[in-house]
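Hi,

Here is the structure I promised to pass on. Have a look at it first, and then read on for what turned up inside.

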Amino acid sequence: MMNRWHVLKRLMPLLAGMVLLLSACGRADLSTLRPQGPVAEEQYGLMKLTIWIMIGVVLVVFAIAVYVIIRYRRRPGDKTIPVQVEGNHKLEIIWTVIPIILLIILGVPTVKSVFGLAKDYTKDPAAIQVKVTAHQYWWEFEYPNLGVKTAQELLIPNDAVISIEAKTADVLHSFWIPSLAGKTDTNPGGNVNIMYFKAPKTGVYLGKCAELCGPSHSLMDFKVKVVDRASFERWVAAMKNPVALPENQEIAELLNKQCLSCHAIGGNGGQIYPNLTGIGSRQSVAGILVNTDQAQYANEGTVEENLKRWLTDPQEVKPGTLMPKVDLTKEQVDAISKYLAGLKLEY
């Protein structure tokens, strides 16, 4: 037993060092500690203020504890009882007033930020209005003023306020873009929450569902793609353009029968499930299969490869998803995947 304890004592410093080392690992697009926009920067400022106050309190408490342990330790032959401070009004006032001061220091900027970040931009004509609807396990993005609806990838310009109205189509979810803004819940029952953020730096940022919502909660990712204004306007126009079905009539009929009853492609099909217009240009398939020509990880592949994997067995990719396993032959899966991978938007 003693040998095990000695081994554990030797391992603890190593484990502590590994924790510190690994805590430094992260991504710019998935970290609240690396803010990429003004809203995230303001929230990060509050976190830093809180952390510095906590560090100060810990250091003072530990310093006092060490001082008391050394100054008032029992010495050989000393049988006297140390002077008691119970009922010392001066000390009681000090350790009551100090926490109040700290709470004021923390509370004033917090309240100011909370009310400032609650500003309503839903009526602002200059803001980009986006209605976010959370589903198990995907995200729908509608631009009501622009007549565009898409899924899994929120494309926005870098020169405007993005006004979000968030709701859910089923259970409770939470809309979160860690590097751009804080979380907002999407509540059932018609309750709509609002928020806003700005993204001045072009690039791609990862979004997450921050509320446990089922077996594929951790796989409920989405992307936020920030582009310049001209690119955004070209994207809006491209989303409205008509999309031709495959020239192969057999595949076109198969799409109409198996896919377009639920999904939309251009002006064709329904709007029940994710809009597939421009899916070949997206960063991922199903939000979790990353599109890349240089795959390094298990969840990576080309757009066509990822579509084949998804169409072959959606439940393997996202357990609990409402997308059923469609009865398709390998040749049909290949043909549909090739067609969808070719649906690219030029913007």
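How do the residues of the lining of the second largest cavity divide into nonpolar, polar and charged? There are four nonpolar, three polar and two charged ones. Before you read too much into that, keep in mind that this is a predicted model.

Now for the cavities themselves. The count comes to two cavities of 30 Å³ or more.

Let me stay with the second largest cavity for a moment. Its volume is about 30 Å³. If you want to find it on screen, pick out W138, E140, K149, T150, A151, Q271, Y273, P274 and N275, which line it. Two strands, β2 (138-143) and β3 (148-151), each supply at least two residues of this lining. Of the elements, β3 gives the most, with three residues.

On to the largest cavity, which has a volume of about 80 Å³. Around it you'll see T150, E153, L155, W235, M239, T277, G278, S281, R282, L345 and Y347. The elements that give two or more residues to this lining are β4 (153-157) and α4 (229-240). Here the lining residues split into five nonpolar, four polar and two charged.

Cheers

Key. Residues numbered from 1 in each chain as written. Predicted model: local features only at pLDDT ≥ 70, side-chain atom pairs only at ≥ 80, totals over all residues. Heavy atoms only, no water. 1 Å grid on protein atoms, 1.4 Å probe; cavity = no way out; pocket = protein on both sides within 12 Å on 5 of 7 lines; lining within 4 Å. Points joined across faces, edges and corners; volume = space filled by probe spheres on them. Helix = DSSP H or I, 4+ residues; strand = E, 2+ residues; numbered from the N terminus. Nonpolar A, V, L, I, M, F, W, Y, C, P; charged D, E, K, R; others polar.
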